Amino acid sequence: MRLLTHNMLSSNIKGVTQGFPLQIEVTKSITKQVDFNPDFIKNMLVKVEWKALVEAARAMGYGELPETVEVGMVEDEDFLRKFHHALLEIHLEEGFLVCPQTGRKFPVCKGIPNMLLNEDEV
Amino acid sequence: MSRHSSLEFREDIRKMPYRTAQIRLVASHPEVYEPCDDSFLLVDALLSDQANLLHHQPRVCVEVGCGSGYVITSLALILGKQESGGVYYMATDINPHAVSVARETLNAHGIDADLVITDVASGLDKRLEKLVDVMVVNPPYVPTPEEEVGCDGITASWAGGEDGRSVIDKILPVADKLLSDRGWLYMVTLTANNPSEICLQMRRKGYASRIVLQRSTEDGQGSMIGSLLSQFPRFPFLTHGDSKKN
């Protein structure tokens with residue numbers, strides 16, 4: 001699961017109001033090389049919750065992202081490559097996504113997050 | 001020499017872009033719905049709407065209930081790798097086996113997409129709210145007893161409850177929430193699902209609708225309909241006319 005996926009997920013348990021971002025518990029992480037695609041990266045830059053990505057990258061052991069993004073950075077290739085790496089190349093292969101409000105753990109197995117709820121959580 | 005050129009020829013074939021997902025590259029599992037007539041109907045509907053889709057330039061595409069991954073892979077191929085370099089694909093399924101199989105299918109075609117095991121778009125609806133430009137759904141539409149809806153495994157891929165509407169009626173408000181103000185929803189329905197009522201319901205929320213493709217079902221009891229519901233502000237069919245079958 002790339003950090004882009006993580007950035008799109010919130011805790012979906014009934015009654016939870018502060019479900020984003022999910023905390024990351026890493027059992028196994030991997031790095032996959034992905035072709036650099038500036039169009040895609042720029043498209044995603046406006047859609048990503050930046051702070052959540054910075055924290056997620058840090059949880060995965062990558063601390064190269066700036067704390068905030070400024071407009072001019074879209075043209076900065078060095079920045080875009082770091083963003084590309086954090087967003088698409090760092091993968092949570094095995095571990096958990098943890099609801100920040102309840103501590104409920106959503107498993108990530110073979111890189112796929114499982115957000116299915118038990119009956120009493122819906 | 002001739003061997004060399006035939007190798008080169010094969011290499012060319014390999015590089016040729018597929019128009020849709022290749023069945024031989026679609027992974028399978030006993031508990032995962034294989035591409036069937038309804039999947040082909042949906043993909044053919046997308047193909048016949050290719051010009052509109054390209055013109056639409058979607059940035060975020062979502063499939064709910066991706067099964068084998070045949071449809072989302074085809075959508076990515078229909079949008080074309082070059083044109084869709086900037087497109088974000090996300091697919092969900094309630095069946096964990098389906099999501100694993102979809103991953104294999106996407107990989108086999110060289111398509112990147114995010115995959116999540118979840119019910120409809122639960123857990124994604126907050127962040128994807130009003131971001132989705134194209135949503136594709138081949139829902140479980142077969143009328144069945146209500147208790148079969150959302151069962152484990154492959155049953156979830158067809159069991160639609162009363163009138164086959166249980167899951168469809170759950171998906172529609174989610175689609176309305178996720179679709180951007182120019183968002184489009186492509187969905188397969190059966191005559192038994194009362195598609196005109198679906199369209200009327202969505203019309204009240206500001207959606208126009210159009211049948212893209214219609215085919216008789218094998219049992220001859222009705223037809224499968226691939227329809228498009230689109231937000232009103234960008235309703236391209238007034239200018240583009242009817243879509244043509246490929």
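Predicted model: local features only at pLDDT ≥ 70, side-chain atom pairs only at ≥ 80, totals over all residues.
How many residue pairs are in polar contact across the interface of chain B and chain A?

Residues are numbered from 1 along each chain as its sequence is written, chains are lettered from A and ligands numbered from 1 in the order in which they are written, and side-chain values use heavy atoms, with hydrogens and water left out.

Back to the opening question. The answer is 11 residue pairs, both residues at pLDDT 80 or more; a polar contact is a pair of N or O atoms within 3.5 Å, where within protein one must be able to donate a hydrogen and the other to accept it, and residues adjacent in sequence count only if both atoms are side-chain atoms. On the chain B side, E2, H5 and E3 each supply at least two residues that touch chain A. Helices (H or I, at least four residues) and strands (E, at least two) are DSSP runs, numbered from the N terminus. E3 of chain B gives the most to that side, with 4 residues.

Contact here means heavy atoms within 4.5 Å, and 26 residues from chain B meet 24 residues from chain A. Together the chains bury about 2,000 Å², 58% of it on carbon and sulfur atoms; buried area is the accessible area (1.4 Å probe) that two parts lose on being put together, summed over both. B:Tyr88, B:Ile117 and B:Arg127 supply 31% of the area that chain B buries against chain A.

B:Arg127 also forms a salt bridge with A:Glu49, with the closest N and O atoms 4.0 Å apart. For that term, we need a side-chain nitrogen of Lys or Arg within 4 Å of a carboxyl oxygen of Asp or Glu. Between the two chains there are 2 salt bridges.

Now, the sheets. Two strands pair if DSSP finds at least two bridges between them. In chain B, 7 strands form an open, mixed sheet in the order E3-E2-E1-E4-E5-E7-E6. Its edge strands are E3 (114-117) and E6 (207-216). Inside chain B, E4 and E5 pair in the parallel sense over 5 bridges, and B:Val132 has B:Leu179 as its bridge partner in E5.

Chain A has an open, antiparallel sheet of 4 strands, E1-E2-E3-E4. E1 (23-31) and E4 (112-113) of chain A each have a single partner strand, so one side of each is left without a neighbour in the sheet. Thanks, everyone!
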